[in-house]
Amino acid sequence: MGTNAVTSGEQVDRQARILEAAMDLLSRHGISGVNMRAVAREAGVALGLVNYYYDDKTTLIRAALRRVDEHDLLLVAPDPSVAPDEQLRRALRRVAGADLLTTRYLSLRLHLWALAQADEDYAQINAAAFDRYIDGLAALVSSAMPGLAWEACRERASDIVVIQNGMWLTALLGVDKASIQRSIARTEQIAFAQVPDENAGGRVTFRP
């Protein structure tokens with residue numbers, strides 16, 4: 001092998017640096033701050049290398065959306081070595097991890113959500129990612145609450161995501177840690193609510 005050969009590992013590292021640079025620019029400046037030359041400068045690579053991995057700015061943004069999607073799926077990834085109820089609790093608490101409640105990450109999400117509202121192509125990617133996250137969270141609810149029908153698990157997952165997204169958005173305003181903990185507790189209440197009793201008129205009692 002020649003000394004100038006580039007290994008697959010180096011290629012992956014360069015591509016990852018480029019994508020991270022694009023995401024950093026997007027989090028700081030929004031879509032207007034992302035262009036191929038700026039990304040190359042931020043990543044510390046040649047412009048030609050950015051063009052080699054990504055055709056244009058749109059391709060970069062799509063990749064950023066997919067990267068966030070992959071990260072979200074890790075938040076609800078099942079762990080067979082942990083009891084189902086503990087798996088669910090960990091997933092619900094994971095969204096308030098120190099690596100997520102940062103200005104950089106939350107700002108990135110905010111800009112990506114705004115893009116999804118403004119562009120149909122980005123909207124489709126975002127919607128598909130949202131469905132995958134809902135399904136992943138619903139699967140954890142289903143494992144922890146086996147008496148629930150799948151549709152009910154998805155409904156709970158959807159309600160939980162509303163609270164999680166609100167928690168991320170308001171965290172940008174500097175909400176205190178106690179508020180974050182109350183939000184997490186609320187998602188646990190929803191997730192672990194007792195199965196409706198048909199003889200009680202379908203009422204749902206939340207665990208304390």
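**Rings, a pocket and a helix**

Mentor: This is a predicted model, and it holds 2 aromatic pairs. In one of them, Tyr 52 and Tyr 53 sit edge-to-face, 5.0 Å centre to centre with 75 degrees between the planes.

Trainee: Is Tyr 53 buried or exposed?

Mentor: Buried means under 20% relative accessible area. Tyr 53 is at 17%, so it counts as buried, whereas Tyr 52 is exposed at 58%.

Trainee: And how are the rings of Tyr 105 and Trp 168 arranged?

Mentor: Planes over 60 degrees apart count as edge-to-face. Here the planes are at 85 degrees, so this pair is edge-to-face, with centres 6.3 Å apart. The pair links distant parts of the chain: Tyr 105 belongs to helix α6 and Trp 168 to helix α8, 63 residues apart. Tyr 105 is buried at 7%, and Trp 168 is buried at 3%.

Trainee: Which residues lie nearest the centre of the largest pocket?

Mentor: Those are Asp 72, Arg 109, Trp 113, Asn 126 and Phe 130, out of 16 lining residues. The elements giving two or more residues to that lining are α4, α6, α7 and α8, and α7 gives the most, with 5. The pocket's volume is about 260 Å³. By class, its lining has 10 nonpolar, 3 polar and 3 charged residues.

Trainee: What span should α4 have?

Mentor: At 1.5 Å a residue, its 19 residues should span 27 Å; the end C-alpha atoms are 28 Å apart, which agrees. Several α4 residues are buried, among them Leu 60, Asp 69 and Asp 72. At the start of α4, a side-chain oxygen of Asp 56 comes to within 3.2 Å of the backbone nitrogen of Thr 58.

Key: Residues numbered from 1 in each chain as written. Predicted model: local features only at pLDDT ≥ 70, side-chain atom pairs only at ≥ 80, totals over all residues. Heavy atoms only, no water. 1 Å grid on protein atoms, 1.4 Å probe; cavity = no way out; pocket = protein on both sides within 12 Å on 5 of 7 lines; lining within 4 Å. Points joined across faces, edges and corners; volume = space filled by probe spheres on them. Helix = DSSP H or I, 4+ residues; strand = E, 2+ residues; numbered from the N terminus. Nonpolar A, V, L, I, M, F, W, Y, C, P; charged D, E, K, R; others polar. Expected span 1.5 Å × (residues − 1). Buried < 20%, exposed > 50% of the residue type's maximum accessible area, 1.4 Å probe, protein only. Polar contact = N/O pair within 3.5 Å; in protein donor to acceptor, adjacent residues only side chain to side chain. Phe/Tyr/Trp six-rings, centres within 6.5 Å; stacked < 30°, edge-to-face > 60°.
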